[in-house]
2 protein chains.
Amino acid sequence: MPSSNVLPHALQTLAIKKLTGKRVVLASASPRRKAILSVFGLEPEIVPSTFEEDLPISSFGNIHEYPVATATHKAVEVYERLVEADPDNAPDLVIAADTVVLSHALPSTSQTSYSMLPEVKQELYEKPTSKEDNFRMLLDLNGGVCEVVTGLVVVYPILTSPGYMIKSIDERSLVYFADNSRELIEAYVESGEGLALAGGFAIQGRGGALVRKVDGDYNNVVGFPAASFFPTAGHVGRRRFRLLGHLEDPPPWGLLRALLIGKRFNSSMWHTDTDVRKHSFGVLVHGDVG
Amino acid sequence: MPSSNVLPHALQTLAIKKLTGKRVVLASASPRRKAILSVFGLEPEIVPSTFEEDLPISSFGNIHEYPVATATHKAVEVYERLVEADPDNAPDLVIAADTVVLSHALPSTSQTSYSMLPEVKQELYEKPTSKEDNFRMLLDLNGGVCEVVTGLVVVYPILTSPGYMIKSIDERSLVYFADNSRELIEAYVESGEGLALAGGFAIQGRGGALVRKVDGDYNNVVGFPAASFFPTAGHVGRRRFRLLGHLEDPPPWGLLRALLIGKRFNSSMWHTDTDVRKHSFGVLVHGDVG
C-alpha cells in the first residue's frame, strides 16, 4: 500500500492526514488534473478509465448531470477493475472528473450585435474534432459567457452492499470571453493548444489571452474543482456514511429508500449516486448527506 | 540586442511579432510575473527595480492609484538606469507591476455575523511582516470579498521630451474567500507560502484551498493582468502616441495641455501618466489615448 500519495508540502489539515498512507487513485489521464492535485500536495496513482464516454446527451433532462454521469462511470469502472485485480488491496479513494463547456450561458456581453446573426443556440462542447471545429467553437464562444461544468466523483469502500459509496458534485464556473479579433482566434487555433480540451481552449495557457474574466473556481475551468474536493476528501476512512439504496434493490425500492433516508440528513452540495449504472433505464438516485 | 525574448510557442499575432527582436525588460523579481509572461511566450530580461516602495498611502485620494504610482516609479527607475548605463541600447519596453489587496471590498458573504465583531475596517494589505501578521490578514479576509488591484505600467521610448512614454492601468479582480476553519488557516500560515505575497495568500498554490471563487482576471490575482497587457504590448514600436504634457512644463501647463490634447483621442482604459514623479506635490497628469 503506497504511503507517498501525500507530498511533504501538503497543508497539515485533518483531511490531508486522513489520506496519508491510503491508496488514492485518479481515474484520469489528464496532466492538468494531476498538476492541480500536486499543487495541493496530493499525488495519486494514475489509472485512466476505459469507459468510452459515449452517454447519449439527449437522454439528460438536466444537462449538468451529463458530466457527473460520465465521471461516475469512469470512477466505478476503475474502482471495480482494481478490486477485481487485487481484492486485498482495494483503493481507499478513486477520483474521477469530466468537464464540459456550455456556450451562451448568459446573454451576450459582446459588442457584436447578435440580433444580426441567424441564431444563438446553446451548445455542449467537449474536445474539438479538428482545427476547423476548434475555430468554430471559439467563434461561437467569442464575446459571450460560457459555463464550464465539471462532474467530480469519488468512490470509496463501505462495508455494506454493493461495497462502495459514490459521491459527486457538479461544479460550475462562468467564463467571459473577450471580443477577440479573428486574427487572434486564428493564431490560437493554429497553435494547437486547444485541441485536446473541452471547449477548445486552455485558460491556464495561451488561451488565457482570449478570456476577459472568470466568475467561479478557476481550477474548475482548468478541469478539477479543488476547492470543493479537498474539504470532502478527508471523508475517506470515516466510514460513517449511510448507503442510500442498493444496486440490488429492484426499482423503485432503491429510489424510495434513498429518499426516505436522505430526509434524515442535513443537505449538502454533495449528493450520492447509488445507482448511476441504471441511468440508461432512466433511474438515477440522489440522496443528500450531511 | 536580444531577439530571444519571444519564445517559439507564442501566438503568432501582430502584437507578438512587433515585440520580436525588441529589448523587453521586466522590472520585477517576482517569479510569478515571469511565469505568467512565459506561458504566453514572452521571456523578458529581468531587471528588478531599486525603488523602495514607500509611497505614503494616505496621500492617495483614490487608493487604486497607489499600486499604479508604485509600479510607475519602478518602471521609470529601471528605464532611466538602463538608458544611462548604455544609451545606444535603450530598452524598447519596460514592464512593471505592483499588486495590493483591499479587504472588505463587498458586504461580507460569511456565515459569521460581523455585527458581533467590534468593527469592519477596509485595509490595504501588502506582504505580511510575519506569520502572526499573515494569520491576522487571513482571518480578516476569511468569509469575505477582497479586491486585488495590480498597477501595470509600461515605459517605452518616444522621440519628444522627456524621451519616454508611460502607460498604465489598474486591473481589479474580486476574490471570494470561503468560510475557512481556523485549523485550515493555521495550517496554511504554518506552510509559509503566503509570507512573500500581497494579502498573505497564493491563489495559484495551496492558498487556492482558501478561496471560493474569483470574479475577474485570475492572472491578475496571481500578480500580472496578462489579458489586458498583451493586446496593448504591441504598441511598442508604433511610435504613434502623442506626449500629453512634459516633465519640464511648470504646473499647471503640463496638466492643461494633457487635458486639451487628451480630448482629441477616443477614451481607453489605459491612461498615460506624464508626470508621476510630481506626485509628491499632488500633481498627477492623466490623459486618455485611443
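Which residue forms a salt bridge with B:Arg172? In this predicted model, the partner is B:Asp170, and the closest N and O atoms of the two side chains are 2.6 Å apart. B:Arg172 has a relative accessibility of 39% and counts as partly exposed. B:Asp170, at 21%, is likewise partly exposed, since a residue has to fall under 20% to be called buried.

This pair belongs to a total of 20 salt bridges over all chains. Another one joins the side chains of A:Asp98 and A:Lys74, with 3.6 Å from N to O. Here the two partners come from distant parts of the chain: A:Asp98 sits in strand β3 of chain A (residues 93–102), A:Lys74 sits in helix α3 of chain A (residues 65–85), and 24 residues separate them. Both ends of this bridge can be checked for burial. A:Asp98 has a relative accessible area of 5% and is buried. A:Lys74 is buried too, with a value of 6%. 

A further salt bridge in chain A is formed by A:Arg206 and A:Glu193, whose closest N and O atoms are 3.2 Å apart. This pair also links distant parts of the chain, being 13 residues apart, although both residues lie in the loop between α5 (182–191) and β7 (211–216) of chain A. Both A:Arg206 and A:Glu193 are buried.

The next stop is the meeting of the two chains. How many residues of chain B are in contact with chain A? There are 26, and they touch 26 residues of chain A. The size of an interface is often given as the accessible area lost when the parts come together. For chain B and chain A this buried area is about 2,200 Å², and carbon and sulfur atoms give 64% of it. On the chain B side, the residues that lose the most area to chain A are B:Leu11, B:Arg206 and B:Tyr218, which together make up 27% of what that side buries.

Polar groups take part in the interface as well. Between chain B and chain A, 8 residue pairs are in polar contact, counting pairs with both residues at pLDDT 80 or more. The rule for salt bridges finds 2 across this interface. A salt bridge also brings together the side chains of A:Lys213 and B:Asp215, at 2.4 Å from N to O. Which elements of chain B give two or more residues to the side that touches chain A? They are α5 (182–191) and β7 (211–216) of chain B. Of the elements, β7(B) gives the most to this side, with 6 residues.

At the start of α2(B), a side-chain oxygen of B:Ser30 comes to within 3.2 Å of the backbone nitrogen of B:Arg32. Just after α2(B), B:Gly41 adopts a positive phi of about 90°.

Elsewhere in chain B, B:Asn142 is found in the loop between α4 (131–141) and β5 (145–157). Is B:Asn142 buried or exposed? With a relative accessibility of 13%, B:Asn142 counts as buried. A polar atom of the B:Asn142 side chain lies 2.9 Å from the backbone oxygen of B:Asn180. B:Asn142 and B:Arg182 are 40 residues apart in sequence, and their C-alpha atoms are 9.6 Å apart in space.

Finally, the cysteines can be considered. The count of disulfides over all chains is 0. A:Cys146 is buried, at 1% relative accessibility, and B:Cys146 is buried at 1% as well.

Terms used: Residues numbered from 1 in each chain as written. Chains lettered and ligands numbered in written order. Predicted model: local features only at pLDDT ≥ 70, side-chain atom pairs only at ≥ 80, totals over all residues. Heavy atoms only, no water. Polar contact = N/O pair within 3.5 Å; in protein donor to acceptor, adjacent residues only side chain to side chain. Helix = DSSP H or I, 4+ residues; strand = E, 2+ residues; numbered from the N terminus. Disulfide = S-S within 2.5 Å. Buried < 20%, exposed > 50% of the residue type's maximum accessible area, 1.4 Å probe, protein only. Contact = heavy atoms within 4.5 Å. Buried area = accessible area lost by both parts, 1.4 Å probe. Salt bridge = Lys/Arg side-chain N within 4 Å of Asp/Glu carboxyl O.
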